[in-house]
Amino acid sequence: MAGNEEAASKLERTAIHEAAHAVVATMIHRGIVEEVFISDSPVDVAEIYDELNSAVHGLTGGVRFRKIPTTVFENGLISYSGFFAECEHVYRSGGNLEVLLPQLREQASHDIDRYHALLVSEHLTEADIRNVVIDIGSALKHYFDSGVWEAVTIVADALLARGRLAGDEVLELLADFP
Ligand SMILES: [Zn+2]
């Protein structure tokens with residue numbers, strides 16, 4: 001049954017990752033999330049999600065955003081939120097983050113590489129980029145410690161139960177969320 005447990009925990013991680021994108025994006029612009037989904041079987045993301053302007057990764061989860069302009073820093077908060085939420089999940093469940101970090105980073109490489117390319121196109125140096133990413137990490141940690149983590153778990157649980165949430169359903173779940 002170890003295989004089933006592994007699949008369940010992978011799905012849970014995907015739910016937390018996608019929920020974090022949805023919650024942090026909603027925190028920045030209420031209503032920006034059009035749809036968020038997870039799946040335990042591959043989805044033809046390129047077919048359905050070719051209009052995505054951020055955060056499609058793997059074939060087992062994604063977020064579709066409405067085209068609302070965000071600043072480069074806001075874009076970074078949304079892009080990195082999935083990766084940092086997975087780190088937070090490991091940290092909060094007492095796992096060894098240092099050991100798992102390379103694997104988590106690899107799984108989030110789509111988000112991280114896409115944002116890196118955006119910063120390069122804005123003519124930032126590698127040193128500047130490192131500082132921006134450090135600032136993003138500090139801001140996300142602060143948000144997670146100030147109620148955002150609880151919101152992420154609410155949306156992740158709903159994703160695990162329903163698989164797919166429309167933007168209005170995300171807003172309903174986050175009704176008490178500033
Ligand atoms: Zn992601």
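First, the ground rules. What you have open is a predicted model, in which local features need pLDDT of at least 70 and side-chain atom pairs count only at pLDDT 80 or more, while totals for chains, interfaces and linings use all residues. Residues are numbered from 1 along each chain as its sequence is written.

**Whole chain.** Show it as a cartoon: there are seven helices and three strands, in the order α-β-α-β-α-α-α-α-β-α. Helices (H or I, at least four residues) and strands (E, at least two) are DSSP runs, numbered from the N terminus. Of the 178 residues, 35% are buried, meaning that 20 or more other C-beta atoms, placed from the backbone, lie within 10 Å of a residue's own.

**Helix 3.** Select residues 72-92. At 1.5 Å a residue these 21 residues should span 30 Å, and the end C-alpha atoms are 29 Å apart, which agrees; the expected span is 1.5 Å times one less than the number of residues. Now go to Ser81, where helix 3 bends by about 45 degrees (the angle between axes fitted to the seven residues ending there and the seven starting there). Because 16 of its 21 residues are buried, helix 3 is largely enclosed by the rest of the structure. Just after helix 3, stop at Gly94, which has a positive phi of about 75 degrees.

**Helix 6.** Next, select residues 126-162. A straight helix of 37 residues would span 54 Å, but helix 6 spans only 41 Å between its end C-alpha atoms. Colour the buried residues of helix 6, among them Tyr143, Phe144, Val148 and Trp149. Then step off the end to Gly163: this is the residue that follows helix 6, and its phi is positive, near 85 degrees.

**Where they meet.** Show both helices together. Their axes come within 9 Å and cross at roughly 65 degrees; axes are lines fitted to C-alpha atoms over the stretch in contact, with angles from 0 to 180 degrees between N-to-C directions. By class, the contact has 11 nonpolar, three polar and one charged residues. Nonpolar covers Ala, Val, Leu, Ile, Met, Phe, Trp, Tyr, Cys and Pro, charged covers Asp, Glu, Lys and Arg, and the others, Gly among them, are polar.

Notes. Buried ≥ 20, exposed ≤ 12 C-beta atoms within 10 Å, placed from the backbone.
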